[in-house]
Amino acid sequence: MTDLTNAPTGAAPRRFGSLLEESPRTKRRNAAEKRFRIYGMCAVGVGLIFLAALLFAIVRNGIPAFTQTYMTVQVELLAEKLDKNGNRDIDDIKKVSTFGYNPLIDTALEKAVAQAGIETEITRGKDLRDMLSSGAAAQIRDVVIANPELIGSVQDFTVLTSSRVDGYMKGRVDRESLARDPNLSPAHLDIVDGLVANGAIDRVFNLAFITGADASESRPEQAGMGVAILGSFFMMLVVLVLSLPIGVAASIYLEEFAPQNAFTDFIEVNISNLAAVPSIVFGILGLAVFIQFAHLPQSAPIVGGLTLTLMTLPTIVISTRASLKSVPPSIRDAALGVGASKMQSVFHHVLPLAMPGILTGTIIGLAQALGETAPLLLIGMVGYIATNYPEGVASGFLDPNSAMPAQIFEWAKRADPAYYERAWGGIIILLVFLLTMNLIAILLRRRFERRW
Amino acid sequence: MPATWILLIVLALSAVGYVMARNKALQSAGGNRRALHSLPSYYGGNAAMAAAAPALFILMGWMILQPIAIDTFVSSNLPAEIRAVPGERSLAMADVRRIADGLDAAVSQGALTMDQSRIIESTETDVRALLGTVGVALGSEVDAATLALAQTYRAATDTGNMWRAVVILLVAFLSFAVAYRMTNKDFRARPFVERAILLLLIAAASVAILTTIGIVFSLIFNTVDFFSRYHAADFFFSTTWEPSFSGRGGDSQLGFLPLIWGTLFISCIALIVAVPLGLFSAIYLSEYASNPVRSIAKPLLEVLAGIPTIVYGLFALLTVGPLLMDVFGRDGVLGVTWMSGGTAAITAGLVMGIMLIPFVSSLSDDIINAVPQALRDGSFGLGATKSETLRQVVLPAALPGIVGAILLAASRAIGETMIVVMGAGAAAALSMNPFEAMTTVTAKIVSQLTGDGEFNSPETLVAFALGITLFVITLGLNVIALWIVRRYREQYE
């Protein structure tokens, strides 16, 4: 013990100075440590900044799509224009095309401008009509055909304004950019300002964007996601109905019954490779097998669903196998011990216990399939404009349609910036669906997960 | 009889059979369930399966094989000069099928009676206009020979469908009858049913094999077709990609090199962004971060992996591209004119890099965590700081696994489609300049195949040759990466 208290003799201490004072070498090493740590923090930070930038871009550019500018006009439904024979015969009324309604709108607009007391160089109603969507006449015509008794009266119609006016209300379009635009002149904007002050033009929540159909390239103000949402819905039905039973059956075989042999190995290699095959290759497969070979209808949600099923299967198999594996062997042993067959032990005991995990995996797989675009482009789910609602369940599966991501891609390709806003808005809708699905998956896991 | 009817009849038979067989088994045991070999439901299940399974199996096979057989039969009646050229043949057959379908549609919509549709003549009736009224648009006038073929086609289909109904219903009834006869209290129903279920499970597992076979065959057949129209050497070694858009022009230049160059170049940019960020994130989160930080930052980073690629594509096209233009483009902040358009290799690469960050970080995280604690403790015991331990002990030990993770990320980058379709531009360029528009294998597959129903020109078929190269490259990378990762895991187990 005394040795310890003795002052060291012999070998000279290698360290001079106080222990509390860091040597240059220690300082260097500690600085390197701190730097390394900061690099790591920066990496995480940069990743999070990217995420924030992405979400910010989506929200900032997409939110305006959920409001739309409408104008309320008082249109006099002149009987001599709309029903020349005066007999209110519905077939005669239908003969008047949308062109027949335009003069009525023109007069109504001239009146509205005069009423609001706006001074402008634009006097012709035909030029004023540039402020409205070209679908306005069709909208009024539909109302008249549905209610022929309105003819002869003066009615208030709330019609869409053109995408330029809408853009002005949202700050996307200004007088400067309109100077080079043949569709609307800066002078129109003065009228718009007046009508806004008057209360005739207003920006309101745009339900039609969520439920409506796609419109032609020149009418972005009318375009909506509704039909594409239905297309996605029918596709997801196909994916769910096919991939859940097939995926679960395949996993049960591989996890519970498969013998250790070359065939089993071959299946396993196939599944793990399919999980990594680029999605576009599945699109090629769908095109060649389902359309070229089996002659299924092109662009139909059923083909999209089949293609996405093949793509989702590996994901579902992998997660299902993991949740089957997590059921402890004692459960199986107990079932076998009281005389159940192997099949009974799996279907009566293991599968119900693994169900929450399987459902979670399936929902996540579906969410992945819902956001997938590339395979859909190849089977033609984008060239079509999703302008018609499916007429029924069979038509929903078999008629050409689009899907949410494909619709977004279609809008992003169009030249009009008004469509870019729609594309961002479409992404918000898509992300809301994905978020809901993932939340359900998380809740399922929280609620039913068992730790053994 | 339509297939749906057959299906419904078979299913109804199977449901009735279930009840019948179950009752018979119970009766044979005198109502005493304990005297039965298996539970009563197994007897029912056995009969139900006997009724449905063979019939449905035949139905499926029939529906796949009959069109092929009829196609071969009808196309053997085509004139020899059309039959010899595959493209012409498939076009002629498509016409025949359309007319046949159109006539059927006309009958079902009441525009024609069944007898009228059989004797219709192109000389007397304007078939094209008639079919137009029932919603079947034909590209050209119908000539007598094609119409005759269409009639042959319809007749063959009718005969086939009749035999299909007869054979399948017969099989269903017979096999049900056999199962029903066998049902009595000593019949061992459970093993039968369980074996059948096992077969179903195996069939489901084989879907993975079928998918792979489907991919490989659909790629190979069309690729062979492509190389019979276009020189393989020109495809693999030409440096020009200029497809003619007329569809049948023979002057397309379909060189593969600029596309694979664009693919690799953009993937490289993506990896340069993703690997350091992902790796450092993984290190920080697994070794330095406190628990609350990790539990927030890690799921947030993984959100990046759950966002669909179309979102990244739009982000590249409408946000990152214009932003880069503001910096490197004309009138930009730097005052340089490196960039002439928002869509460029760097736009796509950058955004793809963001997408890959969580991919690299979660894989590396697993791998770093798999390095045994003893190695770290040993290093700390020698007085190394945390970063020295990480750099000199943990990372070298984890290197093979990290290389595997990077290869997996590379294979993802090479196969990524939407970001490059929207962000990278359309011009095929062999260039070293990241600010130039480039295009990739995947983007060209999309642009050559979109909205095209018939595959009879090299311009569309080239997509399959591109697809097979893509498939081989990504598959190769995956196999190597998984092999490395597995080897690495075994090392520490």
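The radius of gyration here is taken over C-alpha atoms, and the globule rule is 2.2 Å times the number of residues to the power 0.38. Select chain A: a compact globule of 452 residues would come out near 22 Å, but this chain has 33 Å. Its C-alpha trace spans about 120 × 75 × 40 Å along the principal axes.

Some housekeeping: this is a predicted model, where local features need pLDDT of at least 70 and side-chain atom pairs count only at pLDDT 80 or more, while totals for chains, interfaces and linings use all residues. Residues are numbered from 1 along each chain as its sequence is written, and chains are lettered from A and ligands numbered from 1 in the order in which they are written.

Now colour chain A by secondary structure to find 21 helices and three strands (DSSP runs numbered from the N terminus: helices are H or I, at least four residues; strands are E, at least two). The three strands form an open antiparallel sheet, ordered β2-β1-β3 (strands pair if DSSP finds at least two bridges between them). β2 (154-160) and β3 (201-205) of chain A are the edges, each with a single partner strand, so one side of each has no neighbour in the sheet.

Zoom in on β1 (residues 67-76) of chain A, which pairs with β3(A) over five bridges. Pick A:Met71 and you'll find A:Ile201 of β3(A) opposite.

Last stop: show both chains. The contact (C-beta atoms, placed from the backbone, within 7 Å) takes 68 residues from chain B and 67 from chain A. On the chain B side, select helix α8 (residues 189-229), which gives the largest share, 19 residues.

Definitions and conventions:
Two residues are in contact if their C-beta atoms, placed from the backbone, lie within 7 Å.
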